[in-house]
Amino acid sequence: KNIGLSPLNYFKDAYNVFDFSLVCLGMLDVFMTFNRALSALRAFRVFRVFLLLMRWRSLRDMVQSMVGSAVAAVYLTLLFMMVVLIFAVLGVNLFYNALPASQRFTFNDLYLSIITVFLVISNEGWAGLMEVTIRATNYAALVYFVVLYVVGQLMFFNLYMAVVIEKFHE
């Protein structure tokens with residue numbers, strides 16, 4: 001690129017100067033292998049991604065829409081945390097001391113209940129937890145777990161995706 005543009009035209013572009021400095025830092029790291037501190041200079045290669053963002057318009061638009069949706073995602077996250085708290089309090093009220101002591105995730109206090117609700121929403125072993133809870137109580141626990149799963153997993157995932165897609169279409 002330097003030969004094709006000629007050195008004078010090559011260094012007129014700020015992106016080319018930035019890229020040239022990154023290459024020089026990389027070459028400095030290669031030639032000075034005895035100094036371990038200079039190997040940290042390899043981290044500067046990450047900045048080439050920013051260079052790519054500046055030049056690739058569609059990727060830049062996509063990243064800008066993701067950043068633009070961050071404000072709406074904050075409000076959605078607050079709503080999600082409130083729903084988790086509601087289901088955790090409901091779980092404590094319904095299933096307090098219902099699960100065996102050997103069970104790792106229970107509804108015995110609010111802290112463990114929040115973790116248990118998040119476990120169900122994240123789809124990590126919730127079927128086994130639901131089975132143990134149904135055996136310890138009754139089949140009404142099935143309604144609790146299914147509603148928690150549908151609201152937490154499906155609805156909020158779709159809401160997050162809708163926020164990102166809406167900002168992308170703007």
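This short talk walks through one predicted protein model, from its overall make-up to a few individual residues.

Before the details, a word on how to read the values: because this is a predicted model, local features need pLDDT of at least 70 and side-chain atom pairs count only at pLDDT 80 or more, while totals for chains, interfaces and linings use all residues. Residues are numbered from 1 along each chain as its sequence is written, and side-chain values use heavy atoms, with hydrogens and water left out.

Let me start with the chain as a whole. The protein chain has nine helices and zero strands, where helices (H or I, at least four residues) and strands (E, at least two) are DSSP runs numbered from the N terminus. Read from the N terminus on, the order of elements is α-α-α-α-α-α-α-α-α. Of the 170 residues in the protein chain, 26% are buried; buried means under 20% relative accessible area, exposed means over 50%, and partly exposed lies in between, with a 1.4 Å probe and protein chains only. If we take the contacts (heavy atoms within 4.5 Å) in the protein chain with a separation of 6 or more, residues 24 or more positions apart account for 55% of them.

Next, a pair of helices. Two packed helices are described by the angle between their axes and the distance between the axes. Helix α6, residues 70-95, and helix α9, residues 140-169, have axes that come within 11 Å and cross at roughly 175°; the axes are lines fitted to C-alpha atoms, for helices over the stretch in contact, and angles run from 0 to 180 degrees between N-to-C directions. The pair α6 and α9 is therefore roughly antiparallel, given that angles under 35 degrees count as roughly parallel, over 145 as roughly antiparallel, 65 to 115 as roughly perpendicular and the rest as oblique. By class, the contact of α6 with α9 has 20 nonpolar, three polar and no charged residues, with Ala, Val, Leu, Ile, Met, Phe, Trp, Tyr, Cys and Pro counted as nonpolar, Asp, Glu, Lys and Arg as charged, and the others, Gly among them, as polar.

Ala-73 lies in helix α6 and, leaving aside its neighbours within four places in sequence, is in contact with Tyr-160 and Val-163. The C-alpha atoms of Ala-73 and Tyr-160 are 6.7 Å apart, although 87 residues separate them along the chain. Glu-166, in helix α9, is partly exposed at 46% relative accessible area, and its C-alpha atom is separated by 8.2 Å from that of Ser-69, 97 residues apart along the chain.

Turning to charges, the structure holds one salt bridge, meaning a side-chain nitrogen of Lys or Arg within 4 Å of a carboxyl oxygen of Asp or Glu. Arg-135 and Glu-131 form it, with the closest N and O atoms 2.6 Å apart. The two residues are four apart in helix α8 (residues 126-136), and therefore about one helical turn separates Arg-135 from Glu-131. Arg-135 is exposed, at 67% relative accessible area, whereas Glu-131 is partly exposed, at 40%.

Finally, the loops. Most residues other than glycine have a negative phi, and most peptide bonds are trans. Asn-97, in the loop between α6 and α7, has a positive phi near 60° and is exposed at 52% relative accessibility. Asn-123, in the loop between α7 and α8, also has a positive phi, near 65°, and is partly exposed at 39%. Arg-104 sits in the loop between α6 and α7 (110-121) and counts as exposed, at 68% relative accessibility; the C-alpha atoms of Arg-104 and Thr-116, twelve residues apart along the chain, are separated by 9.2 Å.
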